[in-house]
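Colleague: Hi, I have a few minutes before group meeting. Could you walk me through this model?
Modeller: Happy to, let me bring it up.

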Amino acid sequence: MSEIASSLIVDFGATAPETTHSKPPPDRLLAGNPEQVARNYFSDSTGRFFAGVWESTPGKWRVRYSENEFCYITRGRVRIEHESGRGWTFSAGASFVIPAGFSGVWEVLEPTAKLYVIYEPA
């Protein structure tokens, strides 16, 4: 990416994202058969900052975060449980941050979409 292009606004509605399809690894899957799509609209030159849209069908899997992630749920409903047992349920319109070091379970209760902003500390 050139210096000029890297300093321009990234309009999610006018930019072609890098799209990936995935499923949780079998050793982390707890329930269902969730299919996930990530549309990454922005990655900085360090490879440590990302922004985009993520979608998933229902399912439940273990997570361990090395990154800090801001989430804004645009559709659906999820339940996230910390390994201590404390849980949170979020639906469309909710925003939250998952800090690096978080370990627990993501459960997509109904088809969900979120905007994400991720920062991977050094």
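**Fold and packing**

Modeller: Along the sequence, the protein chain follows the pattern α-β-β-β-β-β-β-β-β-β. Here helices (H or I, at least four residues) and strands (E, at least two) are DSSP runs, numbered from the N terminus. This is a predicted model, where local features need pLDDT of at least 70, side-chain atom pairs count only at pLDDT 80 or more, and totals for chains, interfaces and linings use all residues. Residues are numbered from 1 along each chain as its sequence is written, and side-chain values use heavy atoms, with hydrogens and water left out.

Colleague: Thanks! How many helices and strands is that?
Modeller: The protein chain has 1 helix and 9 strands. Its radius of gyration is 15 Å, close to the 14 Å from the globule rule for 122 residues, so the chain is as compact as a globular protein of that length. That radius is taken over C-alpha atoms, and the rule is 2.2 Å times the number of residues to the power 0.38.

Colleague: And what does the C-alpha trace span along its principal axes?
Modeller: About 45 × 30 × 30 Å.

Colleague: What share of the residues is buried?
Modeller: Buried residues are 31% of the 122 in the protein chain. Buried means under 20% relative accessible area, exposed over 50%, and partly exposed in between (1.4 Å probe, protein chains only).

Colleague: What about contacts between residues 24 or more positions apart?
Modeller: Those account for 62% of the contacts with a separation of 6 or more in the protein chain; contact means heavy atoms within 4.5 Å.

Colleague: Switching topic, how many aromatic pairs are there?
Modeller: The structure holds 6 aromatic pairs. Rings of Phe, Tyr and Trp (its six-membered ring) pair if their centres lie within 6.5 Å; planes under 30 degrees apart count as stacked, over 60 as edge-to-face and the rest as tilted. One of them is Trp54 with Trp61, a tilted pair at 6.4 Å centre to centre and 55° between the planes.

Colleague: Which other ring pairs with Trp54?
Modeller: Trp106 does: the ring centres are 5.5 Å apart and the planes are at 55°, so that pair is tilted too. Trp54 lies in strand E4 (residues 49-56) and Trp106 in strand E9 (residues 103-119), so the pair ties together parts that are 52 residues apart in sequence. Ring pairs link Trp54, Trp61 and Trp106 into a cluster.

Colleague: Is Trp61 buried or exposed?
Modeller: Trp61 is buried, at 8% relative accessible area. Trp54 is buried at 12%, and Trp106 is buried as well.

Colleague: What does Ser56 touch?
Modeller: Ser56, in strand E4, is buried at 5% relative accessibility. Not counting residues up to four places away in sequence, Ser56 touches Pro34, Glu35, Gln36, Trp61, Val108, Pro111 and Thr112.

Colleague: And Ser103, where does that one sit?
Modeller: In strand E9, where Ser103 is buried at 5% relative accessibility. Leaving aside neighbours within four places in sequence, its contacts are Val63, Arg64, Glu81, His82 and Glu83.

Colleague: Last one: where is Ala92?
Modeller: Ala92 is in the loop between strand E7 (87-91) and strand E8 (95-98), and is partly exposed with a relative accessible area of 49%. The C-alpha atoms of Ala92 and Thr74 are separated by 4.8 Å, though the two residues are 18 apart along the chain. Beyond its neighbours within four places in sequence, Ala92 is in contact with Ile73, Thr74, Arg75 and Gly76.
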